[in-house]
Amino acid sequence: HLYQPGFTLVAAGLKSASYVVSATKDYVPQGVTLIEERVREFDPVGNKVVTETGRAVPYDYLVVATGLELAYSAIAGMDT
């Protein structure tokens, strides 16, 4: 992740380049396990997902966040 407001501080020499960089794991609360693998299979009947390495991960509730897709053409004047 890049802390964009900090770019000006880095450019001015007030902060090092590492000031604006962080990792996802830095934001994961205690008690939560971050699994950095792709999902190969959803099993809603069995309440589990299977990762690309074959790891079965059970769940009570599943929230799927697919990320974002930038669509500048949806904003008038931004597609040029």
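I start with Tyr 19, which is partly exposed at 36% relative accessibility. On that scale, buried means under 20% relative accessible area and exposed means over 50%, with partly exposed in between (1.4 Å probe, protein chains only). This is a predicted model, so local features need pLDDT of at least 70 and side-chain atom pairs count only at pLDDT 80 or more, while totals for chains, interfaces and linings use all residues. Residues are numbered from 1 along each chain as its sequence is written, and side-chain values use heavy atoms, with hydrogens and water left out.

How many aromatic pairs does the structure hold? There is 1 aromatic pair. The rings are those of Tyr 3 and Tyr 19, with centres 6.1 Å apart and planes at 80°, so the pair is edge-to-face. For Phe, Tyr and Trp (its six-membered ring), the centres must lie within 6.5 Å; planes under 30 degrees apart are stacked, over 60 edge-to-face, and the rest tilted. Tyr 3 is also partly exposed, with a relative accessible area of 42%. Tyr 3 sits in the segment before α1 (7-11), and Tyr 19 in the loop between α1 and β1 (39-43), so the pair ties together parts 16 residues apart in sequence. Helices (H or I, at least four residues) and strands (E, at least two) are DSSP runs, numbered from the N terminus.

Now the sheet. It is open, has 3 strands in the order β1-β2-β3, and its pairing is antiparallel. β1 and β3 (56-58) are the edge strands, each with a single partner, so one side of each has no neighbour in the sheet. Neighbouring strands are turned by 20° against each other on average, direction ignored; the axes are lines fitted to C-alpha atoms, and angles between N-to-C directions run from 0 to 180 degrees.

Take β1 and β2. They run antiparallel and are joined by 4 bridges, where strand pairing requires at least two DSSP bridges. Val 39 stands opposite Thr 51 in β2. The two strands form a hairpin with 4 residues between them, and Asn 47 in the turn has a positive phi of about 50°.

Next, β2 (residues 48-51) pairs with β3 in the antiparallel sense over 3 bridges. Val 50 is opposite Ala 56 in β3, and Lys 48 has Pro 58 as its bridge partner there. This hairpin also has 4 residues between its strands, and Gly 54 takes a positive phi near 90°.
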